[in-house]
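Hello,

Here is the structure you are taking over. My notes come after it.

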Amino acid sequence: MTTAKPFDRTDAYLSLSLHASAMKHKHLRDLFRMDSDRGETYVAQGAGLYLDYSKHIIADNTLRLLEQLAEQRQLSEHIAAMFRGDKINSTEDRAVLHVALRAPRDATIMVDGQNVVPEVHAVLDKMSQFAERVRGGEWRGHTGKRIKNIVNIGIGGSDLGPVMAYEALRPFSARDMVFRFVSNVDGSDFAEAVRDLDANETLFIVASKTFTTLETMANANLARQWALATLSDPAAIAKHFVAVSTNEKAVREFGIDPANMFGFWDWVGGRYSMDSAIGLSTMLAIGPAHFRAMLDGFHAMDEHFRTAPYLQNLPVIMGLLTVYYVNFFEVGSIAVLPYDQYLKRFPAYLQQLTMESNGKSVTREGERVGYPTGPVYWGEPGTNGQHSFHQLIHQGTARIPCDFIGFKHTHNPLGEHHAFLLANMLAQAEALAFGKTYEQLRFEGVNEDLIPHRLFDGNRPSSTILADQLTPATLGSLIALYEHSVFTQGVIWGINSFDQWGVELGKVLAKRIIPELQNPAAPLRHDSSTNALIRYLRQA
């Protein structure tokens, strides 16, 4: 699907450019002073989430212009195309249907003339049966011992989603089981993951669609060696390894029974796959019922995104605000700050989702873009960040919009800790917005020499996302919120958010360098820097 004009030549872009030039001279202190109801006006709700975006440098005109931009970029048409299974990933000629992974059984989503929903639920049912057998003790290891340890081996989307979900949903997990995750090809990652485990009680999940991913298969082969060092019999592999893959031949050759292979489809991108069979470790941890509750949360946000008007639509609002700051305020990064320790891996998960999706410099038509795309996403949980990088957000020279994420209720109501946590979150957003003026500091009696150092300019934008509690359903809604925000940004910028050719070149070169490192006699045909580094490392 194409749009009539390039992004930066639309009427709405030109109008927004002029409007933003004027808004840059507005301060949130003044915007709130002129509108006492602002904190109740610029809010939206959907799929169990509450979004307060009042602390952004916007006015009603801003929203009208952003809405016009969405209309001129045909956002609703692109949304409809994704949900009906059109091949919107044009460079790979693929549909983009992570929304099908959480569709109800009676839904119909067509790809190449076939309804894919029954296939999705067949895999979910197979995962559920397997998870119940492992969790209930029916599935046992080669020597008859119960499986107590699950080690997920993957990388990228086959790792970041499962790790994040396990940490986020620990209150719902089986506490008598141990879950570990191996992704890095650095052998230390594997060594530390299995150091205290008994192979007789350990099940490995090898997550690789092609079963050829270099890092994943290197770790899978290492895991095989480690297991056989204790179990001895190669037949034991079938009881201690399962696969998430589509390559039955390679899975069988590895020693895994294809009956224990859980498949997925080429219309599921890796960074959008944690609610597919890639989430098998998540289902083993929290059980099938909680996993399906998570899928329900995803689906609730999908439906909200598909049906809600632009200015009541949480992902659309967040996506448009990102475009607004990146293209008209020279913003280069966005901080995601979850005030819940269980979401400690959420910013890392979002890094792949956002930057692998929108880190693009050409349009869908292959033309170089003449405007910024894809900001850097980063962050840390809770009050930890306040004692490290918040200094830069408050008083540094860069404007960094922030997403604060909080919950009314905690899973661990210990003393006054949760009130302290939420108070800190609200205080940070307030301080970023309003700062502290010269007059306030003088009134407080601060020494004139210190005032420049203690001055807070404020006018630093933020969103606050609230929910009742971090549950499987809430996590699903929260992830889908960012998925669809990323999609919105990509549509506005006119880029393909669903390919990732930028990661391929390094993989190709690495395969070439491996034998050159291992064989000191191999000729070197790289640049002088790479050649010198290889010669230096060969000395080891």
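This is a predicted model: local features need pLDDT of at least 70, side-chain atom pairs count only at pLDDT 80 or more; totals for chains, interfaces and linings use all residues.

Helix pair

The pair is α1 (residues 11-23) and α4 (residues 60-72), whose axes come within 9 Å and cross at roughly 155°. Angles over 145 degrees count as roughly antiparallel, and α1 and α4 are therefore roughly antiparallel to each other. The crossing of α1 past α4 is left-handed. On the α1 side, the contact is made by Asp11, Ala12, Tyr13, Ser15, Leu16, His19 and Met23. α4 contributes Asn61, Thr62, Leu65, Leu66, Gln68, Leu69 and Gln72. Sorted by class, the residues in this contact are 7 nonpolar, 6 polar and 1 charged.

The largest pocket has a volume of about 1100 Å³. It is lined by 41 residues, and those closest to its centre are Thr213, Gln500, Val503, Glu504 and Lys507. The lining of the largest pocket is made up of 16 nonpolar, 15 polar and 10 charged residues.

The second largest pocket holds about 410 Å³ of space. Its lining has 18 residues, with Asp340, Gln341, Tyr342, Thr410 and Leu421 nearest the centre. Helix α17 (residues 417-434) gives the most to the lining of this pocket, with 3 residues. The classes here are 6 nonpolar, 8 polar and 4 charged.

Cavities

There are 3 cavities of 30 Å³ or more. The largest cavity contains about 130 Å³ of space. Its lining consists of His56, Met318, Leu321, Thr322, Tyr325, Ile334, Tyr377, Pro401, Cys402, Asp403, Ser463 and Tyr482. Both α14 (314-328) and β12 (402-407) give two or more residues to the lining of the largest cavity, and α14 has the largest share, 4 residues. By class, that lining has 8 nonpolar, 3 polar and 1 charged residues.

The second largest cavity has a volume of about 40 Å³. Around it are Leu101, Val120, Val123, Leu124, Met127, Trp265, Asp275, Ser276 and Ala277. These divide into 7 nonpolar, 1 polar and 1 charged.

Regards

Note on methods:
Residues are numbered from 1 along each chain as its sequence is written. Side-chain values use heavy atoms; hydrogens and water are left out. Axes are lines fitted to C-alpha atoms, for helices over the stretch in contact, and angles run from 0 to 180 degrees between N-to-C directions. Angles under 35 degrees count as roughly parallel, over 145 as roughly antiparallel, 65 to 115 as roughly perpendicular and the rest as oblique. A crossing is left-handed if the near helix is turned anticlockwise from the far one by less than a right angle, and right-handed if clockwise. Contact means heavy atoms within 4.5 Å. Ala, Val, Leu, Ile, Met, Phe, Trp, Tyr, Cys and Pro count as nonpolar, Asp, Glu, Lys and Arg as charged, and the others, Gly among them, as polar. On a 1 Å grid over the protein atoms alone, a cavity is a set of points where a 1.4 Å probe fits but cannot get out, and a pocket is an open set with protein on both sides within 12 Å along at least five of seven lines; lining residues have an atom within 4 Å of a point. Grid points are joined across faces, edges and corners, and a volume is the space filled by probe spheres set on the points.
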